Amino acid sequence: MDLADIERALLASAPDDLKLLRSLNFAANAAPEKRRQAERDIAELNERTGGLERVRSWGVLQSNGSFPVQLTPLGKQICDGVKQYVNWLDHPLDLPRGVTRDMVAGKQILDVGCGVGCALLTFARHGAASTTGADLMPSFLALSRVFARREGIAAPRLACSTGASLPFADESFDFVFSRLALNYMPANAAVAEMARVARDGAEAVIILNLLPWEWRVLKDDVRGLRVKDTAFVMLKFLNGLIFHATGRQITLRYPGRMMSVHSPVVHTPWSLRRLLARHGFENLGDNAAEHPETPTFHARRRPR
Ligand SMILES: C[S@@+](CC[C@H](N)C(=O)[O-])C[C@H]1O[C@@H](n2cnc3c(N)ncnc32)[C@H](O)[C@@H]1O
């Protein structure tokens, strides 16, 4: 099955099959304790619905169904995206921390690095005038179309593009949002693009993991002897140092778990505020004191 077939299959899937895909994601990626629980969930769901055979026919599984679960490259993306949607279903109206209804209702909204579009679904539910998402991953964009249709929400306008070069006209959005994505992008170019496409006075909200979070992840990866993950976080730290010193980042091209272009970087509140101010944002604020691991940054587009 190709992506278009999987899109059709997901549209018609029963909720239990979506839960099965979420459990497959945990079984393939999670720490041992969560993995064992996921394996029990898979066995239980499969006994009840026979779903494993169905999702195997989509080509998401590499193994013959026994544990440990191995997902195909596309299967990793599908199971990860479905996990996000199934989690979202538990709280579909919760706005991301730091976003208020006023920022969203009646607004033309862009989500940079939108993933499978769950934040856009919430914004639509809160009365956004239009929702647009940009992301590098075609499979995530396909999933965001599926999830919008499943929810009976008009599909967002979607662009398969890097945040460093957005295919949108100058001054076209009232609210620019980015969650857990800016720290994977060439940050200078991405924030410059956010400023370009934001109308004068537009609000911007950026949520991202900072140093305390990355430090914890690094320690866990080292303890768990996860060599590839450790190397990736080390690249983030190295990029953070280079970024602080020079404003530049290293970008590597290799086929990773999800993408093939990588510019991971660790930011600090200071580096992010400097970046926002440099590219034309004002009224800067953040809640890094209360949420040091994953704060929300606010800014407003300075009139040109
Ligand atoms: C951790 S996910 C967050 C997704 C979504 N914002 C959310 O909160 O659920 C990071 C997302 O950033 C996207 N991404 C990474 N680098 C990117 C880039 N240079 N340009 C656009 N999107 C990128 C990935 O494809 C992925 O969907």
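Axes here are lines fitted to C-alpha atoms, for helices over the stretch in contact, and angles run from 0 to 180 degrees between N-to-C directions. Helices (H or I, at least four residues) and strands (E, at least two) are DSSP runs, numbered from the N terminus. This is a predicted model: local features need pLDDT of at least 70, side-chain atom pairs count only at pLDDT 80 or more, and totals for chains, interfaces and linings use all residues. Residues are numbered from 1 along each chain as its sequence is written.

**View 1. Helix α10 packs on helix α11.** Residues 211–223 form α10, and residues 227–246 form α11. The axes lie 9 Å apart at an angle of about 150°. That angle makes the pair roughly antiparallel (over 145 degrees; under 35 is roughly parallel, 65 to 115 roughly perpendicular, the rest oblique). From α10, E214, V217, L218, D221 and V222 meet D229, T230, V233, K236 and F237 of α11 (contact: C-beta atoms, placed from the backbone, within 7 Å). Five of these contact residues are nonpolar, one is polar and four are charged (nonpolar: Ala, Val, Leu, Ile, Met, Phe, Trp, Tyr, Cys and Pro; charged: Asp, Glu, Lys and Arg; polar: the others, Gly among them).

**View 2. Helix α2 packs on helix α5.** The elements span residues 15–29 and 73–88, respectively. Their axes are 8 Å apart, at an angle of about 120°. That makes α2 oblique to α5. The crossing of α2 and α5 is left-handed. L18, K19, L21, R22, L24, N25 and A28 supply the α2 side. I78, C79, D80, V82, K83 and V86 supply the α5 side. The contact has eight nonpolar residues, one polar and four charged.

**View 3. A198 sits in strand β5.** The strand covers residues 198–207. Leaving out residues up to four places away in sequence, A198 touches F173, V176, A204 and R301. E214 is 16 residues away along the chain, and its C-alpha atom is separated from that of A198 by 29 Å.

**View 4. The whole chain, for context.** The secondary structure comes to twelve helices and nine strands. Of the 304 residues, 41% count as buried. The C-alpha atoms fill a box of roughly 60 × 45 × 35 Å along the principal axes.

Key
A crossing is left-handed if the near helix is turned anticlockwise from the far one by less than a right angle, and right-handed if clockwise. Two residues are in contact if their C-beta atoms, placed from the backbone, lie within 7 Å. A residue is buried if 20 or more other C-beta atoms lie within 10 Å of its own, exposed if 12 or fewer, and partly exposed in between; C-beta atoms are placed from the backbone.
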